[in-house]
Amino acid sequence: ARCGAEAVVLEVGMGGRLDSTNVCSPLVSVITSISLDHQAQLGNTLALIAREKAGIIKPSRPVVCVSRGEEARAVMIEIARAQSAPLRLIDRDFSVSWRALSPNREYQGCQAEIVFCGDRGRTGNAGDSLLSNPVIGTEPTVWNTRLLGRHQADNIAAALATLDVMRGLGWQLPPDAVRSAIANSHPPARLEVVGYEPLAILDSAHNPASIGAGLQALAEHFPGVPQTIVFAASRDKDWPQMLLQLLQSGTRLVLTAYRENPRALPTEELYAAAKLISVNASAAANCAEIYSALTPADAWSMAQRITPVDELIYATGSFFLAAELLLSFGGKRNFEGT
């Protein structure tokens, strides 16, 4: 309001129904993927978490949702109908396909092919459909992005579907500006390439679902490239499951603890758990080396020393780890080799 903004993208802090951001009356509500996280606050099932997130759906206000799980989708459809809120749902009203392009110094990213099906004039119960004449046609449109990972295609689809809703409500959104924004946007620490020789990637994944998405992205963008993984986690997260996934994927694992947040899991506890899991060769067949380091900066330096230039470093596990690593970089990414 102070800046006179024409539009604001207001991100929910946690859940939705009881979040402080829910005092707003949105032009359009957007709900992305739903996975198990913050269970103590939101519930222990996807349906319960979805119901909390669906709390941002307002009477007669449009909704865009790219959640794919059947439990979550059923909740979204139910609440949208109850609120008479027009719903645009992925794989029903629009769809998206994706293919990876390996990052390099000239261009970092993947290619996402976004296919909007519209609702093709379909009518039905309130909340079933959005526009009888969708602004974006049904022909495939191809979008380039610097974001890594198949899961980002759904996020791009959410953005495009939301812009389509806004156009339908009378907003003037130049197509060239939309294409440029999608091609150039890259939030920090979201599978962010921060260096080369070796390739270095920083991620803020902090639950098993997002860790899985990150590892899948690495496998698809860099098939067969060995990984040195730097990992730290909060004690209140499902860190054993995250650790198991990383042990199954990485060639080397460097464990640490961030220093500026008391929720950090001690390095010794992580290291002991990793060693215990690694006893089972079938569970951790890929990870041959496990190390520990006192601080995130120390862990990063160790990873650089032990990783050949033609392999990659992947740091993940927490926003807090990403923040301390970015601080240790001094805001500078290393694109000149190490």
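Is glutamate 197 buried, partly exposed or exposed? With a relative accessible area of 41%, glutamate 197 is partly exposed; buried means under 20% relative accessible area, exposed over 50% and partly exposed in between, with a 1.4 Å probe and protein chains only.

**Basis of the description**

The model is predicted: local features need pLDDT of at least 70, side-chain atom pairs count only at pLDDT 80 or more, and totals for chains, interfaces and linings use all residues. Residues are numbered from 1 along each chain as its sequence is written, and side-chain values use heavy atoms, with hydrogens and water left out.

**Overall composition**

The protein has ten helices and twelve strands. Helices (H or I, at least four residues) and strands (E, at least two) are DSSP runs, numbered from the N terminus. Of the 338 residues in the protein, 48% are buried. Among contacts with a separation of 6 or more, 72% are between residues 24 or more positions apart; contact means heavy atoms within 4.5 Å.

Glutamate 197 is found in the loop between E7 and E8. Its phi is near 55 degrees, a positive value in a residue other than glycine. A cis peptide bond, with omega about 0 degrees, joins glutamate 197 to proline 198. Proline 198 lies in the loop between strand E7 (192-195) and strand E8 (199-202).

Leucine 191 also has a positive phi, of about 50 degrees, although it is not a glycine. This residue lies in the loop between helix H5 (175-184) and E7. Leucine 191 is buried, with a relative accessible area of 1%.

**Helix H7 and its neighbours**

Helix H7 comprises residues 239-249, of which Trp239, Met242, Leu243, Gln245, Leu246, Leu247 and Ser249 are buried. These buried residues pack against helices H6 (208-221) and H8 (267-278), and against strands E9 (227-231), E10 (252-255), E11 (289-292) and E12 (312-316).

Two packed helices are described by the angle between their axes and the distance between the axes. Axes are lines fitted to C-alpha atoms, for helices over the stretch in contact, and angles run from 0 to 180 degrees between N-to-C directions.

| Helix pair | Angle | Axis distance |
|---|---|---|
| H6 and H7 | about 15 degrees | 9 Å |
| H7 and H8 | about 55 degrees | 10 Å |
| H2 and H3 | about 35 degrees | 8 Å |

H6 and H7 pack at an angle of about 15 degrees. That makes H6 roughly parallel to H7; angles under 35 degrees count as roughly parallel, over 145 as roughly antiparallel, 65 to 115 as roughly perpendicular and the rest as oblique. H6 passes H7 in a right-handed crossing; a crossing is left-handed if the near helix is turned anticlockwise from the far one by less than a right angle, and right-handed if clockwise. Pro208, Ile211, Gly212 and Leu215 of H6 meet Gln241, Met242, Gln245, Leu246 and Ser249 of H7. By class, the contact of H6 with H7 has five nonpolar, four polar and no charged residues. Ala, Val, Leu, Ile, Met, Phe, Trp, Tyr, Cys and Pro count as nonpolar, Asp, Glu, Lys and Arg as charged, and the others, Gly among them, as polar.

H7 and H8 are oblique to each other, and H7 passes H8 in a right-handed crossing. Trp239, Pro240, Leu243, Leu244 and Leu247 in H7 meet Glu269, Leu270, Ala273, Ala274 and Ile277 in H8. The contact of H7 with H8 has nine nonpolar, no polar and one charged residues.

Glutamate 268 is also placed in helix H8. At 60% relative accessibility, glutamate 268 counts as exposed.

**Helices H2 and H3**

H2 passes H3 in a right-handed crossing. Leu46, Ala47, Ala50 and Arg51 of H2 make this contact with Glu71, Ala72, Val75, Met76, Glu78 and Ile79 of H3. The residues of the contact divide into seven nonpolar, no polar and three charged.

**Aromatic pairs**

The structure holds two aromatic pairs. In one of them, the rings of tyrosine 258 and phenylalanine 320 have their centres 5.4 Å apart and their planes at 50 degrees, so the pair is tilted. Rings of Phe, Tyr and Trp (its six-membered ring) pair if their centres lie within 6.5 Å; planes under 30 degrees apart count as stacked, over 60 as edge-to-face and the rest as tilted. Tyrosine 258 lies in the loop between E10 and H8 and phenylalanine 320 in helix H10 (residues 319-329), so the pair ties together parts that are 62 residues apart in sequence. Tyrosine 258 is buried at 3% relative accessibility, whereas phenylalanine 320 is partly exposed at 29%.
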